[in-house]
Amino acid sequence: MFNNLSSLPAYLASRRSGKPRDMVAPGPDAAQLDAILHLAMRTPDHGKLFPWRFVKIEDRDAFAAMLEKAFIATNPDARAAQIEAAIAPSFMAPTLIVLLFAPQPSPKIPLWEQQMSVGAVGMNLLHAAHAHGYVASWITGWASYDPVVRNAICQSEEQIAGLFYIGTAGQPLEERPRPDPAYIVRSWP
């Protein structure tokens, strides 16, 4: 059983993201989404800089139109099928949140620590969605790095850390390959 909520160790041992294209309604309602975002914010943040922001994508048609404009700007010769594939993520899952990295000026907190903090927020966002009984997924892809998309969503020095899809699993979750600890854990000295 994936995302087993019977205990924290059981959950962590069975945590699994869902595929956005397989997510169906229901997704979190407004109160649940606010609770999920509040839980995501409970993350390590040296200096209390809050170097992250959330953007709730509420108008999926407008988001798809913006993605289409961005994709065509970079790929002026794109075929209709390529454009359709590029904007398809706009309509996946009932809920879509964009997580932004919002670096903050600090003489004491290096940028690297702020980047780790936004990564921790992203993982907490997945955990919080799963804890509320939903599946979630963190995706980057072309749109996360596109300048037109960035200009449409970000302010100032913000960057897109990922798109977070939240919903109900429409298909059974499947395990994916996990690393062998023998290859990634070492002792020192």
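**Stop one: a serine in a loop**

Start by selecting Ser-144, which sits in the loop between strand S4 (135–139) and helix H6 (147–153). Before you go on, keep in mind that this is a predicted model. Is Ser-144 buried or exposed? It's buried: its relative accessibility is 5%, and the cut-off for that label is under 20%.

Now show what surrounds this serine. Leaving out residues up to four places away in sequence, Ser-144 touches Ile-139, Ile-160, Gly-162 and Leu-163.

**Stop two: a pair of helices**

Two packed helices are described by the angle between their axes and the distance between the axes. To try that out, select helix H3 (residues 60–74) and helix H4 (residues 80–87). Their axes come within 9 Å and cross at roughly 130°. That makes H3 and H4 oblique to each other, because an angle has to be over 145 degrees to count as roughly antiparallel, and 65 to 115 is the range for roughly perpendicular. The crossing of H3 and H4 is right-handed.

Which residues make the contact? Show these side chains:

- From H3: Ala-64, Leu-67, Glu-68, Phe-71 and Ile-72.
- From H4: Gln-82, Ile-83, Ala-86 and Ile-87.

**Stop three: charged partners**

Side chains of opposite charge can pair when their charged atoms come close. How many salt bridges are there in this model? The count comes to two, so let's visit each of them in turn.

First, select Asp-34 and Lys-56, whose side chains meet in a salt bridge with 3.1 Å from N to O. Asp-34 belongs to helix H2 (residues 30–40) and Lys-56 to strand S2 (residues 52–56), so this pair ties together parts that are 22 residues apart in sequence.

Next, jump to Glu-175 and Arg-178. They form a salt bridge, and the closest N and O atoms are 3.0 Å apart. What about their accessibility? Glu-175 is partly exposed at 48% relative accessibility, and Arg-178 is partly exposed with a relative accessible area of 40%.

Technical notes:
Residues numbered from 1 in each chain as written. Predicted model: local features only at pLDDT ≥ 70, side-chain atom pairs only at ≥ 80, totals over all residues. Heavy atoms only, no water. Axes fitted to C-alpha atoms, helices over the stretch in contact; angles between N-to-C directions. Helix = DSSP H or I, 4+ residues; strand = E, 2+ residues; numbered from the N terminus. Parallel < 35°, antiparallel > 145°, perpendicular 65-115°, else oblique. Left-handed = near helix turned anticlockwise from the far one by under 90°. Contact = heavy atoms within 4.5 Å. Salt bridge = Lys/Arg side-chain N within 4 Å of Asp/Glu carboxyl O. Buried < 20%, exposed > 50% of the residue type's maximum accessible area, 1.4 Å probe, protein only.
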